[in-house]
Amino acid sequence: RKGVAEVMRLLSMTLASIKMTLRNRQSLFWLLVFPIFMMGLFGIIFGNDQGEAKLSIVDLDKSSLAQSITEGLGKVGKVKLEEDSRAAGLDKLKKGKVDAVLVLEKGFSRGFPQRPAAIKLYYDPSSARSQMMNGTVSAVLSGIERSMIKAPPLITITSRSVQSDQFNYIDFLLPGILAMSLMNSGLYGVANATVSRREKGVLRRLKLTPMPLSQFIGAGIINQLIMSLMQAALLITVGRYAFGVKFVGGMVPLLITVVIGSLCFITIGFVIASFAKTAETAATLGNVIGMPMMFLGGVFFPVDNVPAWIKPVIQVLPLKYLADSLRGIMLQGQTLAAVQDNLLILLGLTAVLFLISVKFFRWESEKR
C-alpha cells in the first residue's frame, strides 16, 4: 500500500506540474513554438534548391575548340553560363555574382592537339561552390580532350555505381535544432520554473507535505520528458512534411536518444535551480552554460574542423554528444550500439548531476 500511495503522489504531482506548464504561455512558447519557428525560418532559407552555379566565360579566341568547350560546359546540369569581358567577369567573381571565370585567351588553341591549349580558370578558394566549379570545369575539359585526341587509354577503370544519400543543409540542421530545443527545455524551462516557484513560496508549501524531494524532482523530470517528446514529434513532423527533411533512422533509437538527452539537460536545469537564488540568476546561468554549447555543440554547422586549441572545450559539451547521436540515427540510420559511447557519456553526466541537485536543492528562498 505504501508503494501504491507513493506512485499515486508522484502521478498527482506530475499532473500538477504538467498543468502549471500548460498554463504558462511564455513557457509554452519557448518549449514548443520557438523551435518550430526556428525550424520554419531555416527551412525557408535553406530548405529549397539553392539555384544554379554561375560560370563566366571570356572567349577571346572564337575558335572551334573554344566553341566545343562552351558547348560542353553548357550541357552540365545546374550550371549557368555568362559571356563577359575579362574585367567584367573578374569583377563579378570578386562580388560573388559568379562562381568562377574561364578565360580562353586569343590563340590559345593554336597548334592543338600537337601542343597543349592553355586555359585560365579563376575561382574563389573560400567558396565551396566556387571550388566545386573548379572541379566541374576540369572534368569537362578532360572529357573534351579525350574525345578529340583518339589515343588508346593507358589506364582503364572499371566503375561500380554506389548510390549515396544526398543531404541538404536543412537535413543537417533538424537534429541540431532538436538537440538545442531539448537543451533549452532543461536549462531555461526547468531552472526558471523551479526558482520562480521557490520565490513565490510554492516549494515551501510543498515541503510541508509528506512528498519527499526525490518525488518532486521525479515529477518535474516526467513533465519535461513529456514536453521533450512533444518537441521532437512537432519538429520532425514539420521538417519532414513541410521541408522534405530526410529521415532514415529508426523511431525506437531516436526515442531513446531523445529521452536520454532530455534527462541530461533536465538535471542540468535542476542543478542551476539548486544554486540560483533568483529567476534572473537562473536565466543568467542558463545563458552562460547554453550559449557556448549552442555555437560550439554542432547545432548550426559542423565543428570537426575547428582550431585544435578549442577542441578540448567542445569535447566537454553534452550538446555535442546529443547532436552527434541524433544526426547519426536520423541521417545515417545508425543503431543505438553505434552511438552508445555518446549516450553513455550523457547518462553518466545525468547521474552525477542528479546527485548534486538532490544534495544542494533548496525548498525555500533565502529572502524568506
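Two strands count as paired if DSSP finds at least two bridges between them. With that in hand, I opened this predicted model and went to the sheet.

**Entry: the sheet.** I looked up Ala53 and found it standing opposite Val79 in β2. The pairing of β1 (residues 53-59) with β2 is parallel and runs over 5 bridges. I then traced the whole sheet: it is open, with 4 strands in the order β2-β1-β3-β4 and mixed pairing. At its edges I noted β2 (79-83) and β4 (120-123), each pairing on one side only. From one strand to the next, the twist averages 25 degrees.

**Entry: a helix across it.** I followed helix α4 (residues 86-94) and saw that it lies across β1, β2, β3 (100-104) and β4. Its direction relative to β3 is about 160 degrees.

**Entry: the cores.** I checked the largest nonpolar core, which has 48 residues. Leu178, Met180, Met183, Leu254, Phe300, Leu326 and Met330 touch the most other members. Among the helices that each supply at least two residues are α2 (25-46), α8 (213-242) and α9 (251-275). The largest share, 12 residues, comes from α6.

**Entry: Ala337.** Is Ala337 buried or exposed? I read 53% relative accessibility, so Ala337 counts as exposed, the cut-off being over 50%. I placed Ala337 in the loop between α12 (318-332) and α13 (340-360). I also checked Ala337 against Pro253: they are 84 residues apart in sequence and 9.5 Å apart in space, C-alpha to C-alpha.

Technical notes:
Residues numbered from 1 in each chain as written. Predicted model: local features only at pLDDT ≥ 70, side-chain atom pairs only at ≥ 80, totals over all residues. Heavy atoms only, no water. Axes fitted to C-alpha atoms, helices over the stretch in contact; angles between N-to-C directions. Contact = heavy atoms within 4.5 Å. Buried < 20%, exposed > 50% of the residue type's maximum accessible area, 1.4 Å probe, protein only. Core = buried A, V, L, I, M, F, W, Y, C linked by side-chain atoms within 4.5 Å.
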